[in-house]
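Colleague: I would like to learn how to read a model like this one feature by feature. Could we start with the overall picture and then go down to single residues?

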Amino acid sequence: MSYYLDRAIENLDDENRLFELCRMDSLKVDLKKTALKNPKLAKNQGLLMEIILKENSFFFAEHAIEILLDGKSDEERQGLLFEIVNNAESVDIAYGALKSLRNKDYLKRTALNTHTPGEIRARAISILYEPIGQSEHEDVFLGDDDWRVRSAIINLGTSDDALIGIVNNDGDNRVRQKALIHIGNDEFLHDFALSGDCLALVFSTINHMENRELLRSVRDSSDDELIRACAQDRIDFLEAKPSALFSF
(Lines give C-alpha, C1' and ligand atoms only; values in the text may rest on other atoms or scores of the structure.)
Protein backbone atom coordinates (compact mmCIF):
# COMPACT_ATOMS: atom_id res chain seq x y z
CA MET A 1 0.00 0.00 0.00
CA SER A 2 2.90 2.39 0.77
CA TYR A 3 5.53 0.96 -1.55
CA TYR A 4 6.80 4.25 -2.98
CA LEU A 5 6.82 6.05 0.34
CA ASP A 6 8.65 3.13 1.95
CA ARG A 7 11.35 3.25 -0.75
CA ALA A 8 11.62 7.03 -0.44
CA ILE A 9 12.14 6.79 3.33
CA GLU A 10 14.65 3.99 2.85
CA ASN A 11 16.74 6.19 0.56
CA LEU A 12 16.32 9.47 2.48
CA ASP A 13 19.66 11.12 3.25
CA ASP A 14 18.52 13.58 5.95
CA GLU A 15 18.60 12.36 9.58
CA ASN A 16 16.47 15.28 10.78
CA ARG A 17 13.65 14.42 8.38
CA LEU A 18 13.96 10.76 9.37
CA PHE A 19 13.70 11.82 13.00
CA GLU A 20 10.61 13.87 12.13
CA LEU A 21 9.01 10.82 10.50
CA CYS A 22 9.66 8.70 13.61
CA ARG A 23 7.93 11.32 15.75
CA MET A 24 4.82 11.41 13.55
CA ASP A 25 1.93 9.77 15.40
CA SER A 26 -0.10 9.52 12.21
CA LEU A 27 2.55 7.61 10.24
CA LYS A 28 2.18 3.83 9.97
CA VAL A 29 4.48 1.92 12.28
CA ASP A 30 6.02 -0.05 9.40
CA LEU A 31 7.09 3.20 7.73
CA LYS A 32 8.49 4.52 10.99
CA LYS A 33 10.49 1.30 11.33
CA THR A 34 11.88 1.88 7.84
CA ALA A 35 13.01 5.33 8.97
CA LEU A 36 14.67 3.80 12.03
CA LYS A 37 16.61 1.31 9.93
CA ASN A 38 17.90 3.98 7.56
CA PRO A 39 21.68 4.08 8.27
CA LYS A 40 21.60 7.87 8.40
CA LEU A 41 19.39 7.68 11.52
CA ALA A 42 20.47 4.28 12.83
CA LYS A 43 24.02 5.58 13.35
CA ASN A 44 22.91 8.78 15.12
CA GLN A 45 22.86 7.78 18.79
CA GLY A 46 21.62 11.16 20.00
CA LEU A 47 18.56 11.20 17.74
CA LEU A 48 17.75 7.56 18.47
CA MET A 49 17.87 8.24 22.20
CA GLU A 50 15.63 11.29 21.80
CA ILE A 51 13.10 9.19 19.88
CA ILE A 52 13.08 6.55 22.62
CA LEU A 53 12.79 9.02 25.50
CA LYS A 54 9.87 10.87 23.90
CA GLU A 55 8.05 7.88 22.40
CA ASN A 56 4.69 6.72 23.75
CA SER A 57 4.50 3.32 22.09
CA PHE A 58 6.55 0.63 23.79
CA PHE A 59 6.44 -1.59 20.68
CA PHE A 60 7.99 1.07 18.46
CA ALA A 61 10.47 2.13 21.13
CA GLU A 62 11.57 -1.49 21.47
CA HIS A 63 12.75 -1.47 17.85
CA ALA A 64 14.58 1.81 18.41
CA ILE A 65 16.27 0.43 21.54
CA GLU A 66 17.37 -2.66 19.63
CA ILE A 67 19.01 -0.48 16.96
CA LEU A 68 20.54 1.82 19.59
CA LEU A 69 22.17 -1.07 21.43
CA ASP A 70 23.32 -2.97 18.35
CA GLY A 71 27.08 -3.39 18.22
CA LYS A 72 27.69 -1.81 21.64
CA SER A 73 29.74 -3.40 24.41
CA ASP A 74 27.88 -4.71 27.46
CA GLU A 75 29.11 -1.74 29.50
CA GLU A 76 27.85 0.71 26.87
CA ARG A 77 24.51 -1.12 26.62
CA GLN A 78 23.99 -0.96 30.38
CA GLY A 79 24.76 2.77 30.42
CA LEU A 80 22.27 3.46 27.63
CA LEU A 81 19.60 1.35 29.33
CA PHE A 82 20.18 3.25 32.58
CA GLU A 83 19.58 6.52 30.75
CA ILE A 84 16.35 5.20 29.23
CA VAL A 85 15.09 3.80 32.55
CA ASN A 86 15.57 7.11 34.33
CA ASN A 87 14.59 9.55 31.58
CA ALA A 88 11.91 7.97 29.38
CA GLU A 89 8.64 9.91 29.40
CA SER A 90 6.72 6.62 29.11
CA VAL A 91 6.74 4.43 32.22
CA ASP A 92 6.11 1.37 30.01
CA ILE A 93 9.27 2.08 28.01
CA ALA A 94 11.30 2.70 31.18
CA TYR A 95 9.98 -0.54 32.68
CA GLY A 96 10.80 -2.47 29.52
CA ALA A 97 14.39 -1.19 29.58
CA LEU A 98 14.68 -1.96 33.29
CA LYS A 99 14.14 -5.66 32.57
CA SER A 100 17.53 -5.72 30.82
CA LEU A 101 19.37 -3.55 33.37
CA ARG A 102 21.70 -5.81 35.36
CA ASN A 103 24.44 -3.44 36.51
CA LYS A 104 24.08 -3.23 40.32
CA ASP A 105 25.40 0.31 40.54
CA TYR A 106 22.91 1.52 37.91
CA LEU A 107 20.09 -0.34 39.68
CA LYS A 108 21.04 1.28 43.00
CA ARG A 109 21.21 4.74 41.42
CA THR A 110 17.80 4.13 39.85
CA ALA A 111 16.30 3.06 43.18
CA LEU A 112 17.66 6.19 44.88
CA ASN A 113 16.71 8.60 42.08
CA THR A 114 13.71 10.57 43.37
CA HIS A 115 13.09 11.99 39.88
CA THR A 116 12.38 8.50 38.52
CA PRO A 117 8.75 7.24 38.74
CA GLY A 118 8.00 5.31 41.93
CA GLU A 119 6.94 2.10 40.19
CA ILE A 120 10.29 1.98 38.36
CA ARG A 121 12.26 2.62 41.54
CA ALA A 122 10.24 -0.02 43.41
CA ARG A 123 10.99 -2.60 40.73
CA ALA A 124 14.69 -1.70 40.82
CA ILE A 125 14.66 -2.27 44.59
CA SER A 126 13.05 -5.68 44.09
CA ILE A 127 15.55 -6.75 41.42
CA LEU A 128 18.53 -5.55 43.43
CA TYR A 129 17.65 -6.55 46.99
CA GLU A 130 15.12 -9.41 46.95
CA PRO A 131 17.83 -12.06 46.42
CA ILE A 132 19.55 -10.94 49.64
CA GLY A 133 16.43 -9.89 51.57
CA GLN A 134 17.74 -6.56 52.82
CA SER A 135 19.00 -3.15 51.75
CA GLU A 136 21.71 -0.94 53.20
CA HIS A 137 19.44 1.99 52.36
CA GLU A 138 16.35 0.71 54.23
CA ASP A 139 15.93 3.85 56.35
CA VAL A 140 16.23 6.08 53.29
CA PHE A 141 13.63 4.09 51.36
CA LEU A 142 11.22 3.89 54.30
CA GLY A 143 11.35 7.68 54.51
CA ASP A 144 10.74 8.15 50.80
CA ASP A 145 7.82 10.26 49.57
CA ASP A 146 6.57 7.58 47.16
CA TRP A 147 4.39 4.87 48.72
CA ARG A 148 5.53 2.29 46.16
CA VAL A 149 9.14 2.68 47.21
CA ARG A 150 8.23 2.27 50.89
CA SER A 151 6.14 -0.80 50.03
CA ALA A 152 9.00 -2.35 48.07
CA ILE A 153 11.23 -2.25 51.14
CA ILE A 154 8.50 -3.84 53.28
CA ASN A 155 8.33 -6.70 50.78
CA LEU A 156 12.01 -7.45 51.39
CA GLY A 157 11.28 -8.24 55.02
CA THR A 158 12.09 -6.02 57.97
CA SER A 159 11.73 -6.21 61.76
CA ASP A 160 8.35 -6.22 63.49
CA ASP A 161 9.39 -3.06 65.34
CA ALA A 162 9.99 -1.25 62.06
CA LEU A 163 6.73 -2.59 60.60
CA ILE A 164 4.76 -1.50 63.68
CA GLY A 165 6.33 1.94 63.35
CA ILE A 166 5.09 2.10 59.76
CA VAL A 167 1.55 1.10 60.77
CA ASN A 168 1.52 3.74 63.49
CA ASN A 169 3.13 6.57 61.56
CA ASP A 170 2.79 6.18 57.78
CA GLY A 171 0.20 8.44 56.19
CA ASP A 172 -0.72 6.07 53.34
CA ASN A 173 -3.04 3.16 54.09
CA ARG A 174 -1.62 1.18 51.16
CA VAL A 175 1.76 1.11 52.90
CA ARG A 176 0.21 0.43 56.30
CA GLN A 177 -1.69 -2.55 54.90
CA LYS A 178 1.48 -3.90 53.35
CA ALA A 179 3.20 -3.63 56.73
CA LEU A 180 0.30 -5.24 58.60
CA ILE A 181 0.34 -8.43 56.55
CA HIS A 182 4.08 -8.85 57.27
CA ILE A 183 3.82 -8.42 61.05
CA GLY A 184 4.25 -11.59 63.10
CA ASN A 185 3.43 -10.02 66.48
CA ASP A 186 0.00 -11.51 67.24
CA GLU A 187 -0.64 -9.26 70.23
CA PHE A 188 -0.12 -6.13 68.13
CA LEU A 189 -2.44 -7.49 65.44
CA HIS A 190 -5.06 -8.21 68.11
CA ASP A 191 -4.81 -4.70 69.52
CA PHE A 192 -4.93 -3.15 66.06
CA ALA A 193 -8.07 -5.14 65.20
CA LEU A 194 -9.74 -3.54 68.22
CA SER A 195 -8.29 -0.07 67.63
CA GLY A 196 -11.14 1.41 65.62
CA ASP A 197 -8.76 2.19 62.76
CA CYS A 198 -9.72 2.08 59.05
CA LEU A 199 -12.17 -0.80 58.57
CA ALA A 200 -10.38 -2.11 55.47
CA LEU A 201 -7.12 -2.35 57.43
CA VAL A 202 -8.87 -4.03 60.36
CA PHE A 203 -10.44 -6.62 58.04
CA SER A 204 -7.06 -7.23 56.40
CA THR A 205 -5.45 -7.66 59.83
CA ILE A 206 -8.07 -10.14 61.04
CA ASN A 207 -7.73 -12.18 57.86
CA HIS A 208 -3.97 -12.32 58.44
CA MET A 209 -4.23 -13.54 62.05
CA GLU A 210 -3.60 -17.21 62.86
CA ASN A 211 -4.05 -17.21 66.65
CA ARG A 212 -7.59 -18.45 67.32
CA GLU A 213 -7.55 -17.43 70.96
CA LEU A 214 -6.78 -13.83 70.05
CA LEU A 215 -9.35 -13.95 67.25
CA ARG A 216 -11.98 -15.06 69.78
CA SER A 217 -10.92 -12.12 71.94
CA VAL A 218 -11.48 -9.77 69.00
CA ARG A 219 -14.87 -11.35 68.35
CA ASP A 220 -15.92 -11.07 71.99
CA SER A 221 -14.46 -7.64 72.71
CA SER A 222 -15.28 -5.53 69.66
CA ASP A 223 -18.22 -3.14 69.73
CA ASP A 224 -18.53 -3.35 65.94
CA GLU A 225 -20.72 -6.18 64.64
CA LEU A 226 -18.86 -6.18 61.30
CA ILE A 227 -15.54 -6.76 63.04
CA ARG A 228 -17.07 -9.45 65.25
CA ALA A 229 -18.48 -11.17 62.16
CA CYS A 230 -15.15 -10.90 60.31
CA ALA A 231 -13.32 -12.45 63.29
CA GLN A 232 -15.83 -15.32 63.44
CA ASP A 233 -15.43 -15.97 59.73
CA ARG A 234 -11.67 -16.13 60.20
CA ILE A 235 -12.03 -18.55 63.11
CA ASP A 236 -14.34 -20.77 61.04
CA PHE A 237 -11.85 -20.70 58.17
CA LEU A 238 -8.94 -21.72 60.39
CA GLU A 239 -10.94 -24.49 62.06
CA ALA A 240 -11.99 -25.86 58.68
CA LYS A 241 -8.40 -26.02 57.41
CA PRO A 242 -7.05 -29.59 57.44
CA SER A 243 -4.14 -30.12 59.77
CA ALA A 244 -0.80 -30.37 57.97
CA LEU A 245 -0.15 -33.47 60.08
CA PHE A 246 -2.96 -35.37 58.41
CA SER A 247 -2.86 -33.85 54.91
CA PHE A 248 -1.74 -36.08 52.02
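**Reading the model**

Modeller: Of the 248 residues in the protein chain, 41% count as buried. Keep in mind that this is a predicted model.

Colleague: What does the secondary structure of the protein chain come to?

Modeller: The chain has 18 helices and zero strands. Its radius of gyration is 26 Å, well over the 18 Å that the globule rule gives for 248 residues, so the chain is more spread out than a compact globule. Along the principal axes, the C-alpha atoms fill a box of roughly 80 × 40 × 40 Å. Among contacts with a separation of 6 or more, 51% join residues 24 or more positions apart.

Colleague: How should I read the nonpolar cores, and how many residues does the largest one have?

Modeller: The general idea is that in soluble globular proteins, nonpolar side chains tend to be buried together. Here the largest nonpolar core has 47 residues, and Leu36, Leu41, Ile84, Leu101 and Ile125 have the most contacts inside it. A second, separate core has 25 residues, including Ile164, Val175, Ile183 and Leu238.

Colleague: Which residues is Leu36 in contact with, leaving aside neighbours within four places in sequence?

Modeller: The partners of Leu36 on that basis are Cys22, Leu41, Ala42, Leu48, Ile51, Phe60, His63, Ala64 and Ile67. One of these, His63, is found in helix 6. His63 is partly exposed, at 31% relative accessibility. Beyond four places in sequence, His63 is in contact with Lys33 and Leu36. Lys33 and His63 are 30 residues apart along the chain, yet their C-alpha atoms are separated by 7.4 Å.

Colleague: Which residues of helix 16 are buried, and what covers them?

Modeller: Helix 16 spans residues 199–206, and its buried residues are Leu201, Val202, Ser204, Thr205 and Ile206. Their cover includes helix 14 (173–180), helix 15 (186–193), helix 17 (212–221) and helix 18 (225–240).

Colleague: Now charges. How many salt bridges does a search of the whole structure find?

Modeller: The search finds 16 salt bridges. Take a pair within a helix to begin with. An α-helix has 3.6 residues a turn, so residues three or four places apart point the same way. Lys54 and Glu50 are four residues apart in helix 5, which separates them by about one helical turn. The two form a salt bridge, with their closest N and O atoms 3.0 Å apart. Lys54 is partly exposed at 33% relative accessibility, and Glu50 is partly exposed at 29%.

Colleague: Which parts does the salt bridge between Glu239 and Arg216 tie together?

Modeller: The side chains of Glu239 and Arg216 meet at 3.0 Å, N to O. Glu239 lies in helix 18 and Arg216 in helix 17, so the pair ties together parts that are 23 residues apart in sequence. Glu239 has a relative accessibility of 43% and counts as partly exposed; Arg216, at 31%, is also partly exposed.

Colleague: Is Asp172, which forms a salt bridge with Arg174, buried or exposed?

Modeller: Asp172 counts as buried, at 14% relative accessibility. Arg174 is partly exposed at 46%. The closest N and O atoms of this salt bridge are 2.8 Å apart. Elsewhere, Asp6, Arg7 and Glu10 are linked in a network of salt bridges.

Colleague: Where does Glu55 lie, and how far away is the nearest side chain of opposite charge?

Modeller: Glu55 sits in the loop between helix 5 (45–54) and helix 6 (58–69). Glu55 is buried but has no salt bridge, and the nearest side chain of opposite charge, Arg23, is 4.0 Å away. Apart from neighbours within four places in sequence, Glu55 is in contact with Cys22, Arg23, Lys32, Phe60, Ala61, Ser90 and Ile93.

Colleague: Last, the cysteines. What does the count of disulfides come to?

Modeller: In general, a disulfide is a covalent bond between the sulfur atoms of two cysteines. In this model the count is zero. For Cys198, the closest cysteine sulfur is that of Cys230, at 13 Å, too far for a bond. Cys198 is partly exposed at 28% relative accessibility, whereas Cys230 is buried at 9%.

Methods. Residues are numbered from 1 along each chain as its sequence is written. This is a predicted model: local features need pLDDT of at least 70, side-chain atom pairs count only at pLDDT 80 or more; totals for chains, interfaces and linings use all residues. Side-chain values use heavy atoms; hydrogens and water are left out. Buried means under 20% relative accessible area, exposed over 50%, partly exposed in between (1.4 Å probe, protein chains only). Helices (H or I, at least four residues) and strands (E, at least two) are DSSP runs, numbered from the N terminus. Contact means heavy atoms within 4.5 Å. Lys and Arg count as positive and Asp and Glu as negative; His and the chain ends are not counted. A disulfide is a pair of cysteine sulfur atoms within 2.5 Å. A nonpolar core is a set of buried Ala, Val, Leu, Ile, Met, Phe, Trp, Tyr and Cys residues joined through side-chain atoms within 4.5 Å. The radius of gyration is taken over C-alpha atoms; the globule rule is 2.2 Å times the number of residues to the power 0.38.
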